[in-house]
Amino acid sequence: MQKRTIQTRPIEGQKPGTSGLRKKTRTFMAPHYLENFVQAIWNAIGGVQGKTLVLGGDGRYFNDRAAQVILRMAAASGAAKVIVGQGALLSTPAASNLIRQRRTDGGIILSASHNPGGLGEDFGVKFNCANGGPAPEDLTARIFDETQRLQCYDILEAQDVDLSRLGAARLGGMVVEIVDPVADYASLMARLFDFEAIRALIASGFTIRFDAMHAVTGPYAVAILQDMLGAPEGSVVNAVPSPDFGGGHPDPNPIWAKDLVDLVMGPDAPDFAAASDGDGDRNMILGRGIVVTPSDSLAVLAANAHLAPGYARGLAGVARSMPTSRAVDRVAAARGLALYETPTGWKFFGNLLDAGRVTLCGEESAGTGSDHVREKDGLWAVLLWLNILAATRLSVADTLRGHWQEFGRNHYARHDYEALDAGLAGAMLDDLRARLPDLPGQVVTGRRIAMADEFSYADPVDGSRSERQGLRIGFEDGARIVCRLSGTGTEGATLRVYLEDFTDDPARLELPVGAALAGVIAAADEIIGLRARTGRTAPDVVT
Ligand code: G6P
Ligand code: ZN
């Protein structure tokens, strides 16, 4: 086996976004593209000589090929060992867990999360640090710097490693340890949750449906929900990961998991339903006749987590991303918990979790998690919900109703305008940014604006600052509008408009979201001027 040093040139545009580098699969497959980025990671972390890394991905098209390239590059640069999920599969939270459990130096996750997969779709590469969490901003900036000055990369000339067989293999001087992707993760879940109680709930006739959306959580959900917790076969659907996710978007929201929404709204609704995304870190929670918004889910979990053994001692604090609804703030205030507001992106929770300042965190984008790993975790959220329901024996709908009665309700929606011209979207936000100082005091569609600013974050643990993290407009009556451009798209610009209004009026608690937010939506349109500037009359996606 021969180590080769390949001459290359910097490739433009290799700047990691909200969650690693995401590009079209064909872009990643172009000559040197993947290799350059991986070498830039090695360079930015001070090389991989003697290090142990974790490697796996969500099984999308090119996952297997990319894994072989990365193994050869790790071996060529002197890594001691790479721990790989069998078949190069690992869900994102399972990878985070392995990085931590095995005390490794970090890992590479191959995924574009909830974006579709396939030759014409998306691929992604992300580096996670030794704490199991996504690389923080200073490291992603160093990786980007390296991509801009790279002249060569090292790779071994070798045959593929057979990743279908468990056990140890060798690649040059490096050990490749092929592990069951599910085992360690499942035993972590069994330690956190009362599996006996959940098993008893299911045995009593409580029905569940989990849609793995042809993505990586299939094997995890079958093992845990069916084999360990006794849900009947067929409770987990679309359970076999496929390279193009069955041609769909593996994104658990009411648009892409419409079948599940139709199911819970229909006559054959199960008691509990859920879905996860391509790489297993997102979740959607549903019950008979109800879809739980991610922001509400975070609030309910924060209010009830102590019912699960792993959280029986209570929570150190909670965190949410800035655009996430403030439902969890009310729980924190009522329970005397510290609350942190961070920019969008799971990486911003890492320091808070490492420092023991928060136990639970979540985002409006269907992410919820805790200090058990350093990623959001779809199945974890499902199991915490099931543990809570096993303890209370309430339905999902009654759990929500009771929560709103106790804490009030933050009606909430996110409107996405996709594939906008990037220049136009940027100019629209620049214009709004310039008008922010004049907004307070103005009355728009009958509401008075109380504050308007651009969110910036100072990390309370390491003091690092992140500027320009979204424009926010707060009204005197408690309503709020937030605007920002997505950092995960691969085409044009996606504008996200987050809309929120609070009520504790018992007569309004159960109003449908659309009706409750109509006034805020009208105000947003007037302030941003979206219709006028883009010609769009409606959002492409409402979640
Ligand atoms: C990924 C990140 C999340 C983030 C979400 C939406 O899932 O892990 O932290 O909230 O993308 O990000 P975006 O920049 O597209 O709004
Ligand atoms: Zn994901």
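Start by selecting ligand 1: of the 13 residues around it, Thr18, Ser365, Ser486, Gly487 and Thr488 come nearest. Here, a residue is near if its C-beta atom, placed from the backbone, lies within 6 Å. Colour that shell by class and you'll get one nonpolar, ten polar and two charged residues. (Ala, Val, Leu, Ile, Met, Phe, Trp, Tyr, Cys and Pro are nonpolar, Asp, Glu, Lys and Arg charged, and the others, Gly among them, polar.)

A quick note: this is a predicted model, where local features need pLDDT of at least 70, side-chain atom pairs need 80 or more, and totals for chains, interfaces and linings use all residues. Residues count from 1 along each chain as its sequence is written, while chains are lettered from A and ligands numbered from 1 in the order written.

Next, select α7 (residues 195-203) and α13 (residues 378-392), whose axes sit 9 Å apart at an angle of about 70°. That makes them roughly perpendicular (65 to 115 degrees). Show Ala197, Ile198, Ala200 and Leu201 of α7, which meet Leu386, Asn387, Leu389, Ala390 and Ala391 of α13; contact means C-beta atoms, placed from the backbone, within 7 Å. This contact has eight nonpolar, one polar and no charged residues.

Last stop: α10 (residues 294-304) and α14 (residues 396-407), with axes coming within 11 Å and crossing at roughly 80°. So α10 and α14 are roughly perpendicular too. Asp296, Ala299, Val300 and Ala303 of α10 touch Thr399, Leu400, His403 and Phe407 of α14. By class, that's five nonpolar, two polar and one charged.

Conventions:
Axes are lines fitted to C-alpha atoms, for helices over the stretch in contact, and angles run from 0 to 180 degrees between N-to-C directions. Helices (H or I, at least four residues) and strands (E, at least two) are DSSP runs, numbered from the N terminus. Angles under 35 degrees count as roughly parallel, over 145 as roughly antiparallel, 65 to 115 as roughly perpendicular and the rest as oblique. Two residues are in contact if their C-beta atoms, placed from the backbone, lie within 7 Å.
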